[in-house]
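Take a look at the protein model shown here.

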Amino acid sequence: MAFRHKNTRRIEGLDSNVWVEFTKVAADPSIVNLGQGLPDISPPSYVKEELAKVAAVDRLNQYTRGFGHPSLVKALSQVYERVCGRKIDPLTDILVTVGAYGSLFSTIQALIEEGDEVIIIEPFYDCYEPMVKMAGAKPVFIPLRNKNDGNSASSADWVLDPAELANKFNSKTKAIILNTPHNPIGKVFTREELQVIADLCIKHDTLCISDEVYEWLVYKGNKHIKIATLPGMWERTITIGSAGKTYSVTGWKLGWSIGPQNLIKHLQVVHQNTLYTCPTPLQEALAQAFGIDYKRMDDPDCYFYSLSRELESKRDRMAQLLQEAGLKPVIPDGGYFMIVDVSTLNVDLSDVDEKQPYDYKFVKWMITSKKLSAIPLSAFCGPETKREFEKYIRFCFIKKDSTLDAAEVILKNWNKQTA
Amino acid sequence: MLRRVGPSLRHFLLERKNSAGYSSHSGEAKMSRPVQARRLEGIDKNIWVEFVKLAATYSTVNLGQGFPDFPPPDFLKEAFVRALSGENHMLHQYTRAFGHPPLVKILAQFFGKLLGQDLDPMTNVMVTVGAYQALFCCFQAFVDDGNEVIIIEPFFDCYEPMVKMAGGMPVFVPLRPKAPKDGKLMSSADWQLDPAELASKFSERTKAIVLNSPNNPLGKVFSRGELEVIADLCVKHDVLCISDEVYEWLVYDGKEHIRIASLQGMWDRTVIIGSAGKTFSATGWKVGWTVGPNRLLQHLCTVHQNSVYHCATVAQEAVAQGFQRELKLYGKPESYFVQLPKELQQKRDWLIQSLDAVGMKPIIPEGTYFLVADISEFKSDVPDVPDSDEPYDSRFAKWMVKNKGLAAIPLSAFYCGAHKNNYNHFIRFCFAKEEATLKAANDILQKWKREKTNP
């Protein structure tokens, strides 16, 4: 009998992925890699030391509590109770997951299904769309628009049109996905902007999935506000966080979802039927690290603040390098990415494969001819807006000085060579 | 609260406003429809949540949940510490999504050797968050609404809810015990499938069969003949085989673990699942893998990249080093894969002796670190409750942990709802425990027996 087995409907069309494409291309060590969002700086030494201590404790190499290692959920509840100003039950209001990615998946699988619509703000972290589709639901896109129309100097210039947003909500809208601070633009949504979203969620009885992985990385003059703390929002919001981004340990793949018990309990059901429990030693080490920083949350040396300060100077350096090369970067108010309009460089790629958007072609050309990598912004858009965003590329600046030095050399020499 | 019932209603896109109101307590969103997705229907219960809590509260000796109470081997812990503290701090950052290169390379080498074929680390191996997530990827990648999946009872309990979450229909077929020879203890080999019964479960709707050998909870190691029966049916009906082989190294009495993927016609339709947790006694590391043909694994990769995307790097690096050591020492007495089953066989034999001495009748497992014992002679301690919803063995196990401090898992936990009372006088013990733990279990059992004879 002929082999008839192909993939299920739920994953139809979800096999390609910008990362699989670009991490391969940029893996060459001679390339200065400012593409994928991973630090090449070391995590703080006490974080590594805690993990080393944990490895020596026998029982910490065996299964722990499925929904989250007890000492970790306790530490998370402490930190977030302080930030949110409300009681958070470590056993019922928190789920520990395999990265924030795993939290997004658990949330969407738990609460979203066929017939639902989910509003996604463009540009968006690329997994939102395929995860919504895999759950059988329809993504509804709304773009951030540059209100200064071509002269954007700051991520704050990128805004939602409230009337346009309101039009996206209807009786089928199950949830809106919010990402603040925002990847890739670096926008930190203001209280007023969050209130517009909150008002619509309450009016239409919609859930809010709030991806706040960059919550500690906000730069001077900006404040990260949790939409769950706005009136009427705690009961309808899942807030997602990430150890990888908090402690510069993306390879630990630990994240968490925080919310009301009546929502978190459904995420827990997904979790117990997908991977059951997260690694124990990493959770214990993370709990210890949180314990250390919780005690100094009033102290500027707390890693949550010191990392942000370190990144702000890298942000400023990156912006300067790009400006000196004749580019106009969008200065981010938060996060560790910076987008830049490269159309001003007038690199003619019309003879290259037409089907690919301009930014894909540009990044591939830049990797080969300039030995510098970035990520094309159209990877973060729905089908309708690819034309608008295809002149932007995204740089990651959570990089050590020598990496930024190498980028500086390339950018300084950019105009000395012709394409 | 109006809940949609049954898969046939999935196709109706109900007007949300017409649904009855969802209960609204103060502080809860007043949702006009059920907030959770239908795929969660019927899969919210989990016996581990209850039994792990009971063991934590009452047990002095925990032979319940399946994990060792001895540490992973030193060479593995050392590899972990080297990885996390070494000069290459990039081991704390993302690695390759489908598996850390050193790990997939050594797995391809190792399993290529065992299967007798060339494996490509990039396309024939995918790393997962434990074997549990590997199972999840398989069901999500291959089981659509209306597909049937054959599950052999008793089964590791997650198979059923995972099939349901994927919209599939589990079809159960039991291992049936043959009476042992006079006076002898039963062996897990005495529990067998009826080939005709098995054949009758295959239909044109059958997408896959889940095979678990060595089998949790019985410890059965399927023989070549038994695997051939299954393989023939898979080939005849063009069915996939999801082969959960997490206990592959834990086989006793000189038995051989045979990989069904090595049988004729099976490589192309089998996904093999393995576990570092069971292989290296480090269940808390949650590193697992799948091995198989690219035409199947590519779909697992799609599920993986849309669910967790990466697995933690440091543990993968350490497991890779563990396998490198084992490849060098393969078949030699110092190999962990030789030493661990040797130690566990001895522990198995101690526990068998303890149970047999007091009148619990253990079924001798050919593999895994579990054994199942018949507690019929102890039934007087826990009177039957007619019309009880709860299977007898579950009530017995709860009574035992509360009153004797000894934790074990009822066999009914490994059967589907309709069959929970078929074999309700057995409980499962885990013997991957230190000598002191097994001695303490023996003391409890001996005291219990004395109390029964001299009340």
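What follows goes from chain B to a helix pair and on to the cavities and a pocket.

This is a predicted model: local features need pLDDT of at least 70, side-chain atom pairs count only at pLDDT 80 or more, and totals for chains, interfaces and linings use all residues. Residues are numbered from 1 along each chain as its sequence is written, chains are lettered from A and ligands numbered from 1 in the order in which they are written, and side-chain values use heavy atoms, with hydrogens and water left out.

Begin with chain B. It has 13 helices and 15 strands. Here helices (H or I, at least four residues) and strands (E, at least two) are DSSP runs, numbered from the N terminus. The C-alpha atoms of chain B fill a box of roughly 65 × 65 × 50 Å along the principal axes.

Now find two helices of chain B, α12 (residues 392-404) and α13 (residues 435-453). Their axes come within 12 Å and cross at roughly 95°. Axes are lines fitted to C-alpha atoms, for helices over the stretch in contact, and angles run from 0 to 180 degrees between N-to-C directions. α12(B) and α13(B) are therefore roughly perpendicular, a label for angles of 65 to 115 degrees. In α12(B), B:Phe396, B:Trp399, B:Met400 and B:Lys404 meet B:Ile444, B:Trp448 and B:Glu451 of α13(B). Contact means heavy atoms within 4.5 Å.

On a 1 Å grid over the protein atoms alone, a cavity is a set of points where a 1.4 Å probe fits but cannot get out; a pocket is an open set with protein on both sides within 12 Å along at least five of seven lines; lining residues have an atom within 4 Å of a point. Grid points are joined across faces, edges and corners, and a volume is the space filled by probe spheres set on the points.

There are 11 cavities of 30 Å³ or more. The largest cavity holds about 380 Å³. Its lining has 24 residues, and the closest to its centre are A:Tyr63, B:Tyr132, B:Phe156, B:Tyr247 and B:Lys278. α4(B) gives the largest share of this lining, four residues.

The second largest cavity has a volume of about 330 Å³. Among its 24 lining residues, A:Tyr101, A:Tyr125, A:Tyr214, A:Lys245 and B:Tyr94 are the closest to its centre.

Finish at the second largest pocket, with about 1200 Å³ of space. α9(B) gives the most to its lining, six residues.

Methods:
Parallel < 35°, antiparallel > 145°, perpendicular 65-115°, else oblique.
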